[in-house]
Number of protein chains: 2
Amino acid sequence: MTLVRLQIAVDKNVFMSDFRLTDLAKSLPATVPFVGPETQERMLKRPFLARLGANESVFGPSPKAIEAMAGADHWKYGDPENHDLRHAIADHMGATASNIVVGEGIDGLLGYLVRLFVGAGDAVVTSEGAYPTFNYHVAGFGGVLHKVPYDAKDRENPKALFSQAAKVGAKLVYLANPDNPMGTVWTGDEIKGFLDLLPARSLLVLDEAYLECAPAGTSPGILWDDPRLIRMRTFSKVYGMAGARVGYGIGHPDLITAFNKLRNHFGVTRAAQDGALAALQDHDWLERVQAQIETARLKIGEIAKSNGVQAIPSATNFVAIDCGQDGAFAKRVLEAVNDGGVFVRMPFVAPQNRCIRVSCGTPQDLDHFAKVLPGALAQARSSAFRV
Amino acid sequence: MTLVRLQIAVDKNVFMSDFRLTDLAKSLPATVPFVGPETQERMLKRPFLARLGANESVFGPSPKAIEAMAGADHWKYGDPENHDLRHAIADHMGATASNIVVGEGIDGLLGYLVRLFVGAGDAVVTSEGAYPTFNYHVAGFGGVLHKVPYDAKDRENPKALFSQAAKVGAKLVYLANPDNPMGTVWTGDEIKGFLDLLPARSLLVLDEAYLECAPAGTSPGILWDDPRLIRMRTFSKVYGMAGARVGYGIGHPDLITAFNKLRNHFGVTRAAQDGALAALQDHDWLERVQAQIETARLKIGEIAKSNGVQAIPSATNFVAIDCGQDGAFAKRVLEAVNDGGVFVRMPFVAPQNRCIRVSCGTPQDLDHFAKVLPGALAQARSSAFRV
């Protein structure tokens with residue numbers, strides 16, 4: 001899809017340069033932050049047997065959420081204020097609705113946030129190998145990314161991030177806790193302590209997409225009105241509604257209000273608003289999924305261990321498996337696992353790219369994974385000998 | 001929602017200025033292009049009896065689309081390529097998938113398009129009183145809007161628009177055909193003729209949101225690859241899926257590819273993609289809705305006539321009713337109609353704001369409207385005397 005159809009362009013003597021894009025837009029590549037599993041399936045010409053690459057929740061949304069989405073008045077635009085959902089979220093967490101902005105997933109909200117803060121040349125700090133969609137937004141608005149490596153325990157390194165932010169005068173600092181793609185985590189108290197090191201004029205973007213499957217106390221116990229940070233959460237992960245595109249930001253009311261300057265006010269679908277509201281209220285389903293995630297994490301650990309490789313302890317709905325060699329080796333493992341019909345992904349940069357990343361699946365999904373992993377490792381090792 | 005919570009700001013000694021927004025973002029108001037009917041209902045403390053203000057399709061989506069959305073795998077992210085839907089749309093209209101970009105409604109696509117083309121100070125041309133969300137995007141990216149009045153027949157004026165575009169060196173020219181809010185229309189051949197007057201370096205944004213209820217031949221019969229324009233269409237109007245947020249743009253493949261530089265690749269929900277695909281294939285439902293719209297337009301015309309006011313002939317799923325006096329008068333009519341429990345809207349600027357705009361409703365919806373209109377007109381007239 002991203003190929004420029006040169007043939008047509010030449011035939012009609014029309015070139016991209018004839019369109020008067022902004023200089024910034026001209027400079028951007030037409031890329032996708034992530035290739036979707038559907039694209040891979042079309043290339044492979046067969047469906048995956050297990051879909052464990054995008055940290056979706058195979059356990060699905062609450063049946064009440066499914067029912068609410070099915071019964072939504074699709075002919076009506078969604079409420080542009082997301083009023084009921086914002087108030088329910090606020091009640092749920094002891095905040096006020098003025099602390100909450102609802103948007104088209106964390107992806108959409110990160111785009112708005114970056115657009116609010118980042119202009120040409122503005123500095124932004126993130127970890128080397130962290131969420132590519134955030135980087136995509138920063139590049140898309142002309143910002144300059146400064147990247148800091150993970151620490152020796154495969155954790156993002158808040159101290160180093162905040163120190164770098166001070167050095168470059170960063171407007172935004174991105175930190176996912178728990179982390180994606182490694183699944184590692186800091187406690188909320190640790191994050192709170194690190195905040196003292198955050199430069200006064202930098203805003204922390206704390207991505208808590210995986211919070212609902214992390215230990216209690218993973219979010220810093222500070223007031224929602226704290227102007228130093230905005231927290232991002234989502235219905236895409238543990239709530240099982242990735243396809244419905246609904247996330248929320250929690251922060252100072254002035255910051256939350258600023259989203260109204262530029263967000264797509266009618267952007268969250270009516271079904272998503274109804275579904276998220278129902279999902280939020282179904283505590284039993286949430287607990288059930290949390291237990292299923294815990295079981296799956298243990299199972300992925302066992303599968304790794306029985307294959308002589310090591311699962312990294314995870315506070316998320318996925319597990320990074322250290323394949324024990326370098327990125328090239330892990331990439332061969334990944335490709336063989338994918339070829340075997342199991343969709344997984346892997347970290348982008350060294351040394352985290354010694355791992356493959358496996359989302360929590362049903363027992364059946366993980367059986368598929370258990371079946372393909374030994375052969376994938378063997379194949380990767382034998383290719384290594386051939387090189 | 002758009003109120004800055006000054007109390008909290010003062011209490012904590014935190015002010016908006018402490019957030020390092022870009023200068024552009026600082027300059028933007030935190031406004032909503034349209035106040036939603038839900039907001040009005042919360043203010044009125046009762047639901048509307050008829051929802052005829054947002055040109056939604058009260059006739060709903062195809063039952064097959066409803067079924068497809070209900071059965072969607074909500075736990076999976078939507079296909080970021082929108083592959084199946086793009087190909088189906090292309091087949092439907094004899095284009096290729098490389099001519100089609102699918103996005104989060106025309107609103108979302110207009111935002112991406114403006115972002116591709118418009119930087120600080122770039123000129124854009126539209127009609128005085130045309131679609132506010134387009135203007136919102138232009139302002140949001142620092143563009144400068146140049147507005148041209150409607151012609152004497154309440155039509156947007158392509159000749160004047162294109163002449164203005166030449167004068168100011170516009171990057172984009174916006175034209176809705178059929179028009180919103182007036183419902184007037186040019187034939188496709190007329191549009192095609194006007195295109196010769198479009199400056200070589202301006203791109204025409206032809207918003208065809210209401211095409212499916214306009215006469216055959218309303219879209220210009222030129223090739224999809226024509227680099228002079230991009231056409232925007234939607235599943236929000238005649239297809240009855242406003243709440244699902246799915247629209248598409250049709251244009252030159254190079255232009256379509258450029259959207260991949262900055263769109264939210266996973267932004268269209270899985271249910272919306274499934275639903276739109278089913279809707280596109282249900283020709284019977286489309287024809288049925290087209291007939292219902294035609295019936296409703298006639299009925300609105302009769303209601304107007306029997307109240308001594310005049311419906312403007314419409315090629316859309318709404319009818320502008322000329323209330324026969326000025327904007328202040330029409331606003332009083334509008335408010336009385338709303339107070340009577342019927343949600344309608346009105347054009348923003350003179351002289352089009354002598355009208356109220358009524359979406360095509362069910363017979364029951366229009367009965368409500370017929371009941372409240374006489375009193376609303378009488379009330380507006382008596383207030384005029386009181387002034």
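A:P351 sits in the chain A loop that runs between β11 (342–343) and β12 (355–359). The peptide bond joining A:A350 to A:P351 is cis, with omega about -5 degrees. The model is predicted.

**Backbone geometry**

- Chain B also has a cis peptide bond, from B:N177 to B:P178, with omega near 0 degrees.
- B:P178 belongs to the loop between β5 (172–176) and α9 (188–195) of chain B.
- A:N55 is not a glycine, yet its phi is positive, near 55 degrees.
- This asparagine, A:N55, is in the loop between β1 (50–51) and α4 of chain A.
- Is A:N55 buried or exposed? A:N55 is buried, because 22 other C-beta atoms lie within 10 Å and the cut-off for a buried residue is 20 or more.
- A:N82 is another non-glycine residue with a positive phi, about 45 degrees.
- The loop that holds A:N82 lies between α4 and α5 of chain A.
- A:N82 has 28 C-beta neighbours inside 10 Å and therefore counts as buried.

**Nonpolar core**

- The largest nonpolar core contains 250 residues.
- Within this core, the residues with the most contacts are A:V173, A:I356, B:V173 and B:I356.
- Leaving aside residues up to four places away in sequence, B:V173 touches B:V125, B:L161, B:F162, B:A165, B:L198, B:S202, B:L204 and B:V205.
- As general background, nonpolar side chains tend to be buried together in soluble globular proteins.

**A sheet in chain B**

- Three strands of chain B form an open sheet in the order β9-β10-β12, with antiparallel pairing.
- Its edge strands are β9 (310–311) and β12 (355–359) of chain B, each of which pairs on one side only.
- β9(B) and β10 (residues 318–322) of chain B run antiparallel and are joined by two bridges.
- Which residue of β10(B) is the bridge partner of B:Q310? The partner is B:D322.

**Helix α11 of chain A**

- Helix α11 of chain A covers residues 270–281, and its 12 residues should span 16 Å at 1.5 Å a residue.
- Of the 12 residues of α11(A), 11 are buried, so the helix is largely enclosed by the rest of the structure.
- The buried residues of α11(A) include A:R270, A:Q273 and A:D274, as well as A:A276, A:L277 and A:L280.
- In chain A, the buried residues of α11(A) pack against α4 (63–70) and α5 (83–93).
- In chain B, the buried residues of α11(A) pack against α4 and α11.

**Contact between chains A and B**

- The contact involves 86 residues of chain A and 85 residues of chain B.
- On the side of chain B that touches chain A, α1 (6–11), α3 (37–44), α4 (63–70), α6 (105–117), α10 (253–258) and α11 (270–281) of chain B each supply at least two residues.
- Which of these elements gives the largest share of that side? It is α6(B), with six residues.
- By residue class, the side of chain B that touches chain A has 39 nonpolar, 25 polar and 21 charged residues.

Methods: Residues numbered from 1 in each chain as written. Chains lettered and ligands numbered in written order. Predicted model: local features only at pLDDT ≥ 70, side-chain atom pairs only at ≥ 80, totals over all residues. Core = buried A, V, L, I, M, F, W, Y, C linked by C-beta atoms within 7 Å. Contact = placed C-beta atoms within 7 Å. Pairing = 2+ DSSP bridges. Helix = DSSP H or I, 4+ residues; strand = E, 2+ residues; numbered from the N terminus. Nonpolar A, V, L, I, M, F, W, Y, C, P; charged D, E, K, R; others polar. Expected span 1.5 Å × (residues − 1).
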